Amino acid sequence: MSTTADGEQGTTVPGGSGRVVVVGSANVDLVVDVPRHPGGGETILGGELRRNPGGKGANQAVGAARAGGAGTTFVGALGHDDAADLLLASLDRGGVRTDLVERVDAATGTALITVSPDGENAIVVAPGANSHVTVGAAQAERIAAADVVLAQLEIPLDVVRAAAAARRPGALLVLNAAPSRDLPDDVWAAVDVLVVNEHEAADLAGASGDADPSTLAGLLLERVPAVVVTLGGEGSLVAERRPSGPLLTTVPAIAVEAVDTTGAGDTFCGVLAAALARGADLPDAARLAAAAGALAVTRPGAQDAVPDAADVVALAERAANPDRPT
Ligand code: ADP
């Protein structure tokens with residue numbers, strides 16, 4: 001965190017070297033297309049089973065690493081099973097350091113996902129190994145060397161707490177509060193940047209679902225110094241606490257042909273963290289993340305849909321200078 005000329009804490013890491021530690025979940029996603037979601041007591045036949053690497057933590061780690069987060073480390077837990085091998089291979093392909101991933105005596109986290117023809121997902125998660133993530137001495141040491149620590153809420157809150165406590169002064173804790181749940185005061189107090197979609201923002205702000213994003217961001221700024229509310233195909237809203245009042249920046253989405261929106265939010269968070277870790281300010285980091293999120297929705301899957309840094313930068317530049325010939 002830095003201090004600006006007007007005395008307010010800014011959400012930047014001046015001189016950041018791009019080091020990111022992502023603390024979170026890893027799941028194998030078992031995905032089946034269904035004609036409709038089954039009701040209680042019902043059995044229906046679906047299509048072919050797909051087995052994809054997923055989990056918010058692992059997805060975001062791949063997002064940060066592909067965006068060039070120098071030495072992005074994933075801190076998480078996997079079982080001793082095939083699903084763990086699938087996830088480690090995907091993290092390795094994404095350029096994520098996996099040396100601090102623990103292997104525990106529990107099944108690797110698994111998400112059972114049915115997808116109806118209108119694209120609606122119904123998901124059951126068996127957290128398994130994700131309930132056993134720990135921040136031990138080696139993980140704490142890596143976190144202490146990071147510029148940005150990125151966490152989500154698919155792991156126990158105590159792990160988020162421990163990761164926050166292990167940060168060096170000046171490093172940022174970016175919390176993607178997904179899935180949303182009540183947060184205790186000490187966790188609120190540790191957050192530098194909160195990233196939430198509209199539903200999570202409304203839950204956390206205790207507001208009704210139809211409150212507008214700037215109202216939600218204003219309420220959340222009472223708890224944390226900076227908030228990014230993502231709005232799917234509508235882009236995102238960046239809100240920062242300033243002595244003169246909230247500073248709101250609208251970041252438009254980049255128009256693309258959406259194929260599969262799975263993982264857009266995770267790609268957004270990973271790329272945002274990597275950009276902050278290199279010293280970008282929050283609105284600029286969100287612009288880069290928007291380009292990454294847009295590219296992610298043009299491809300199927302989550303980790304496999306994460307774009308390369310060069311494509312992200314090229315799209316962000318095209319979006320910023322639409323009239324410049326390419
Ligand atoms: P979540 O998956 O967590 O709900 P969002 O759907 O809000 O997250 O997506 C995160 C970001 O990805 C958005 O703020 C936007 O920048 C980008 N994005 C998502 N969907 C689209 C889309 N259809 N077209 C372009 N960009 C998108």
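A polar contact is taken here as a pair of N or O atoms within 3.5 Å, where, within protein, one atom must be able to donate a hydrogen and the other to accept it, and where residues adjacent in sequence count only if both atoms are side-chain atoms. The structure is a predicted model, in which local features need pLDDT of at least 70 and side-chain atom pairs count only at pLDDT 80 or more, whereas totals for chains, interfaces and linings use all residues. Residues are numbered from 1 along each chain as its sequence is written, and side-chain values use heavy atoms, with hydrogens and water left out.

In the ligand site, a polar backbone atom of Gly232 is found 2.7 Å from an oxygen atom of the ligand, and a backbone N or O atom of Gly235 lies 2.8 Å from a ligand oxygen. The side chain of Asn197 contributes an N or O atom at 3.0 Å from an oxygen atom of the ligand. Taken alone, the ligand exposes 550 Å², of which the protein buries 81%; accessible areas come from the Shrake-Rupley method with a 1.4 Å probe, and for residues only the protein chains shown count as cover. The ligand is surrounded by 17 residues, the closest being Asn197, Thr230, Gly232, Gly235 and Ile254, where a residue is near a molecule or strand if one of its heavy atoms lies within 4 Å of it. This shell comprises nine nonpolar, eight polar and no charged residues, with Ala, Val, Leu, Ile, Met, Phe, Trp, Tyr, Cys and Pro counted as nonpolar, Asp, Glu, Lys and Arg as charged, and the others, Gly among them, as polar. Helix H8 (264-277) and helix H9 (282-297) each supply at least two residues of the shell, and the largest share, four residues, comes from H9. Helices (H or I, at least four residues) and strands (E, at least two) are DSSP runs, numbered from the N terminus.

An open sheet of eight strands has the order S6-S3-S11-S12-S13-S14-S15-S16 and mixed pairing, two strands being paired if DSSP finds at least two bridges between them. Its edges are formed by strand S6 (73-75) and strand S16 (247-251), each of which pairs on one side only, and the twist averages 15 degrees from one strand to the next. Axes are lines fitted to C-alpha atoms, for helices over the stretch in contact, and angles run from 0 to 180 degrees between N-to-C directions. Strand S15 (residues 236-240) pairs with S16 in the antiparallel sense over five bridges, with Glu240 standing opposite Leu247 in S16. Helix H3 (residues 137-144) packs on this sheet, touching strand S3 (20-23), S6 and strand S11 (148-152), and its direction makes about 135 degrees with that of S3; contact means heavy atoms within 4.5 Å. Helix H7 (residues 213-220) also packs on the sheet, where it touches strand S13 (193-197), strand S14 (226-230), S15 and S16, at about 35 degrees to the direction of S15.

A second open sheet, of four strands, has the order S5-S4-S9-S10, again with mixed pairing. Strand S5 (50-54) and strand S10 (121-126) are the edge strands, each pairing on one side only, and neighbouring strands are turned by 25 degrees against each other on average, direction ignored. Strand S4 (residues 27-33) and strand S9 (residues 109-115) are parallel and share seven bridges, with Asn27 opposite Gly109 in S9. Helix H2 (residues 82-93) packs on the sheet through S4 and S5, its direction making about 55 degrees with that of S5. The antiparallel strands S9 and S10 are joined by six bridges, and they form a hairpin with five residues between them, in whose turn Gly119 has a positive phi of about 90 degrees.

Two loop residues complete the description. Arg167 lies in the loop between helix H4 (157-166) and strand S12 (172-176), and its side chain reaches the backbone oxygen of Ala190 at 3.2 Å. Pro179 lies in the loop between S12 and helix H5 (185-190) and is joined to Ala178 by a cis peptide bond, with omega about -10 degrees.
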